Amino acid sequence: MNMGAYFGLVCTFLSTISFIEAFEKQSFPIFMPNVQPQKPETYLCTPIRVDPTTKHYIVGFEPNASMDVAHHILMYGCSVPGRNEEVWNCGEMAAARQPGLKSASPCAKGSQVIYAWARDAPALDLPDGVAFEVGGNTAIQYIVLQVHYADVSSFEDGSTDNSGIILHYTETPQPKAAGVFLLGTNGWIPPLQTEYMESACTINEDKVINPFAFRTHTHSLGKIVSGYRVRRDHKGVDQWTLIGKKNPMRPQMFYPVANNITITKGDVLAARCTMVSNRARITKIGATNEDEMCNFYVMYWMEGSSPLNQKYCFTMGPPFYYWSRGKPWLNNIPDKDASSI
Ligand code: CU
Ligand code: CU
């Protein structure tokens, strides 16, 4: 064995040890409290309070769910939860209501999605050194688990459900903070047409973010949702770099980004949903199944501990706003690429 290889081995060994010693991971389960949804398309939420005296660092999410029972699960960080009860109805899409429970959105204030699970999704470990900071003086004082029960036939025999997520966390400060940025639109889709729902916003904070995962969300008319970083070159031509694109009819969880890029002050984040309507009526943006949504989530990490204050980018959508019309003025639009897989 030559000295180089030997040295390399020692180094690897030492850094492994110091990594293990660096922090101890703990687990915290957030499970449904043995609920028994009665109607298909029920969405239930259950909250936990995070310790307001100490910052906690979430470094991973481990699903405890099976696709036979739970259609999908979202985990929200909130400054105030939708309700102060153990369980409430929290369906976005005018979903079925579980009798005897109150209804509210997952968060009353400071809503941000920090994890999504759908069929086949494995555990998600954030990249090394990256954590969602919660509790203490952060904006996330509660974590709310939302479970979508699409099919409730497994409950007919009286059984109950405790689907949920096991949080992996530590109290040891982590060098990089995770954050989520959400792009979306308002507007409507005309009958029997393909329509583009587009959003774009300039990042105006002097920080460098590193996207590592993305998630798309539409209801039933979405064909492709794509997201880009747009950076203007010295000739004034916009260079579009793909963050990710997905057929939103695939499981709506976080997927790895298409390109490892950074985003900084002056860059534009842009997203498009290609919607195809075979309906004879207009479809508006809205919360019910009859309506549509166009959402693109970017999960990122950054050095330090304060993710972007800018968390949302919403435009008026069609027929008022398009990438080619309205601020920020964009050129070199990748029309084809943005609407094809
Ligand atoms: Cu679902
Ligand atoms: Cu929706």
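**Figure 1. Pairing of strands 17 and 20 in the predicted model.** In this predicted model, strand 17 (residues 222-232) and strand 20 (residues 268-276) are joined by eight bridges in the antiparallel sense. One position of this pairing is Arg-229, whose bridge partner in strand 20 is Leu-269. The two strands belong to an open sheet of four strands, ordered 15-20-17-18, in which the pairing is antiparallel. At the edges of the sheet lie strand 15 (194-202) and strand 18 (238-246), each of which pairs on one side only. On average, neighbouring strands of this sheet are turned by 20 degrees against each other, direction ignored.

Figure 2. Strand 6 pairs with strand 2 (residues 42-49) over two bridges, in the antiparallel sense. Within this pairing, Asn-89 of strand 6 stands opposite Leu-44.

**Figure 3. Backbone at Glu-41.** Glu-41 is part of the loop between strand 1 (26-31) and strand 2. Its phi is near 65 degrees, which is a positive value in a residue other than glycine.

**Figure 4. A stacked aromatic pair, Phe-214 and Phe-296.** The whole structure holds 10 aromatic pairs. In the pair shown here, the ring centres of Phe-214 and Phe-296 are 5.6 Å apart and the ring planes are at 20 degrees, so the pair is stacked; the cut-off for stacking is planes under 30 degrees apart. Phe-214 is located in strand 16 (residues 210-217) and Phe-296 in strand 22 (residues 295-303), so the pair ties together parts that are 82 residues apart in sequence.

**Figure 5. The second largest pocket and its lining.** The volume of the second largest pocket is about 290 Å³. Its lining comprises 19 residues, of which Thr-138, Ala-139, Ser-305, Pro-307 and Lys-311 are the closest to the pocket centre. By class, the lining residues of this pocket are eight nonpolar, seven polar and four charged. Strand 10 (130-135) and strand 13 (176-185) each contribute at least two residues to the lining. Both domain 1 (3-174) and domain 2 (183-338) take part in the lining of this pocket, with at least three residues from each.

Figure 6. The bond from Pro-318 to Pro-319 is cis, and its omega is near 5 degrees. Pro-319 belongs to the segment after strand 23 (312-315). The bond from Lys-327 to Pro-328 is also cis, with omega near -15 degrees. Pro-328, too, lies in the segment after strand 23.

Technical notes: Residues are numbered from 1 along each chain as its sequence is written. Chains are lettered from A and ligands numbered from 1 in the order in which they are written. This is a predicted model: local features need pLDDT of at least 70, side-chain atom pairs count only at pLDDT 80 or more; totals for chains, interfaces and linings use all residues. Side-chain values use heavy atoms; hydrogens and water are left out. On a 1 Å grid over the protein atoms alone, a cavity is a set of points where a 1.4 Å probe fits but cannot get out, and a pocket is an open set with protein on both sides within 12 Å along at least five of seven lines; lining residues have an atom within 4 Å of a point. Grid points are joined across faces, edges and corners, and a volume is the space filled by probe spheres set on the points. Ala, Val, Leu, Ile, Met, Phe, Trp, Tyr, Cys and Pro count as nonpolar, Asp, Glu, Lys and Arg as charged, and the others, Gly among them, as polar. Domain bounds come from an automatic or database domain assignment. Two strands pair if DSSP finds at least two bridges between them. Axes are lines fitted to C-alpha atoms, for helices over the stretch in contact, and angles run from 0 to 180 degrees between N-to-C directions. Rings of Phe, Tyr and Trp (its six-membered ring) pair if their centres lie within 6.5 Å; planes under 30 degrees apart count as stacked, over 60 as edge-to-face and the rest as tilted.
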